[in-house]
Amino acid sequence: MASHYVIMYTATAGANGPLLGTDEEDIVLLQFLVWDAVCRKTVTEQQYIVRPPTEDINENVLGEQCREDFRLTEDQVKNGQPLENVIDSFDAILSKIAESNTSRVAMVTDGQLHLRQVLHPKALSRNFTLPDYYNSFYDLRKEFKSFYHSEDMASVPDMLSFLAMEEDSAEELATRTVRDMGRILSRMIADGHRFVLPESIMIRLEPGICSRTEEVDSGCVVRARGLPWQSSDQDIAKFFRGLNIAKGGVALCLSPQGRRNGEALIRFISPEHRDMALKRHKHHIGNRYIEVYKATGEDFINVAGELFSSLGNNNEAQTFLSRGGQVIIRMRGLPYDCTPKQVVEFFESGENGCQILDNEDGVLFVRKPDGRATGDAFVLFGSEEDSTKALAKHREIIGSRYIELFRSTTAEVQQAAMMRQSRVEDGDGGRRGGRGDGVLNRSMDPRTYEQQQPLIAQLPQVPLLPQQIITSGTRKDCIRLRGLPFEAQVEHILEFLGELAKSIVYQGVHMVYNAQGQPSGEAFIQMDSEHSAYLASQQRHHRYMVFGKKQRYIEVFQCSGEDMNMVLTGGLPAQRPIVSPGGTVLAPPFGAFPLGPAPPVLNAVGAVTPRLPAYPGMAYPTMFYWPYPSPPVSPSSPYYGSPPHMATPATPPHHTIITQECLSIQANGDAPRHNGEAVATI
């Protein structure tokens, strides 16, 4: 039993009461009351006025209802303390009261929203960690109903009315509420109630395996749309911080080509948590708002069960995912004869040494269908701290090769396993690749992808320009490089940018080719912020790129995604289909191509050189595919050409853009490091 109960109340600048936390408004007030369970009396009351982040302060911080209920003024809020300082200040007071033994402190709230929907999400967005005692709490409403066998209590006044008690006389709502909660808690303990089963708040998503035969309650599942395409399952769990997701409860939706499509299905531990998740509809990850809809258990099984069922015959992958690691790191560029021991030594060495979970058993190599190495591996780490140290070893050396490190997800391991289970025909025809359960295989041979024409038939026959390929908008977070040597590859651009290359977003290097498929000497780079793009344009403009015995000075200009699209499309807007909330492309007339009939999808072409169609004077692209290996989950990537029978007033510039991951891989023993994530626009 707890020695002290901390009754907490939060108020935001916007909606409060049953809508608390639905509008993402900042916390402006925190009220605490500490009740001593031994002496059965109130020890202290503390009220803190919280100042929103500087960038959020304007002339009208507070809503009208907030001013009226909590007697706050704009000046009080603007002169308040930052949220992290408030948490530290109260923690110091509580530690003194509890004689530094806060493990016997229990939080008590009026309902779920104060901690789950407000304090935990706000602490995450401010990038600070709450003390451990905030990770569990008692919901006074639930405890009251359980003990007195009453109906649902919607508020503190309802509980007071049931007990025939008067409300406190304080005029201000937060003070009145915590005092009344203290009296209710005291009465419940006096009547014999014991607070023994607190509710917990999960801080990290726990890995788990879902089978197709498992039953999933439809009342526990949501679909999230509009996610950044590089989001991992842990990133999605952070968006829902405060709510408890079931083990392995994030299923990333993949396109027919194996790419993340910006959607995910999330399974919560109860309908109550699902309902709170739905209230985060149009909340934000960075500058993107995320749509949250109801989904069914069948939807979740169709995605998660399909991925996990692919592990059924692969004991190594199944064991790897069941070890319970908090973070998965993907290694790329490993020597083909690399051993698990070398991987362990790589991470343990140096100043940033860290421990792989279960040592050599926490390393999973990815292999081709014939059992040969691909140079990729997945590695498990037990904590976020270890993973941070691990990622600091990006581009360090094993043997004579530099190693690229990326955060990975369960979904990527699953996708690699799916490819291992699929049929892969070799040059003799008919034989299957793969060598038993101990090898996780993935096809890296271009011949494999020439067999994948059925994937093309599944695509909607309208031009699609995936968000992850070309950015948009007016934010000047891109740079344009001009004057590149025609032989330049992605790694040469990274070397030219130096330390600034760390600010390139994933798959953010776009090489531009002309209509004949030859390098144009230009590239577009997507940076992680406008500031990074500005620094790159200032520091690297007119600097020299050394290429063999030659050196070329490179022009570097800051630009926006809109500028980039204007160049690549000749000033014509990119056309996008209309997509329903379920993720399907709508049928005509709503999803029709606006300036003419949708062109047919062409057959797949060769894997080495794109064959460009000669449709002179055509403005809008027809989609077909230039297959090329690009691990870990992309069997092919779209290529855009122009459709026939469409005239335009002026012929736009002819460009081809080859989009490559900013850190590339080696496809085979002799080939240069090049990954060919390819999409082209004529």
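User: Is arginine 71 buried, partly exposed or exposed, and how is that read?

Analyst: The reading rests on relative accessible area: buried means under 20%, exposed over 50%, and partly exposed in between (1.4 Å probe, protein chains only). Arginine 71 has 47% relative accessibility, so it counts as partly exposed. This is a predicted model, in which local features need pLDDT of at least 70 and side-chain atom pairs pLDDT 80 or more, while totals for chains, interfaces and linings use all residues. Residues are numbered from 1 along each chain as its sequence is written, and side-chain values use heavy atoms, with hydrogens and water left out.

User: Which side chain does arginine 71 meet in a salt bridge?

Analyst: Side chains of opposite charge can pair when their charged atoms come close. A salt bridge is a side-chain nitrogen of Lys or Arg within 4 Å of a carboxyl oxygen of Asp or Glu. Arginine 71 meets glutamate 171 in this way, at 3.9 Å from N to O. Arginine 71 lies in the loop between helix 1 and helix 2, and glutamate 171 in the loop between helix 6 and helix 7, so the pair ties together parts 100 residues apart in sequence. Helices here are DSSP runs (H or I, at least four residues), numbered from the N terminus. Glutamate 171 is exposed, at 61%.

User: How many salt bridges does the rule give?

Analyst: The count comes to 30. One of the pairs joins aspartate 275 and arginine 274, with the closest N and O atoms 3.2 Å apart. Aspartate 275 is partly exposed at 38%, whereas arginine 274 is buried at 10%.

Notes
Helices (H or I, at least four residues) and strands (E, at least two) are DSSP runs, numbered from the N terminus.
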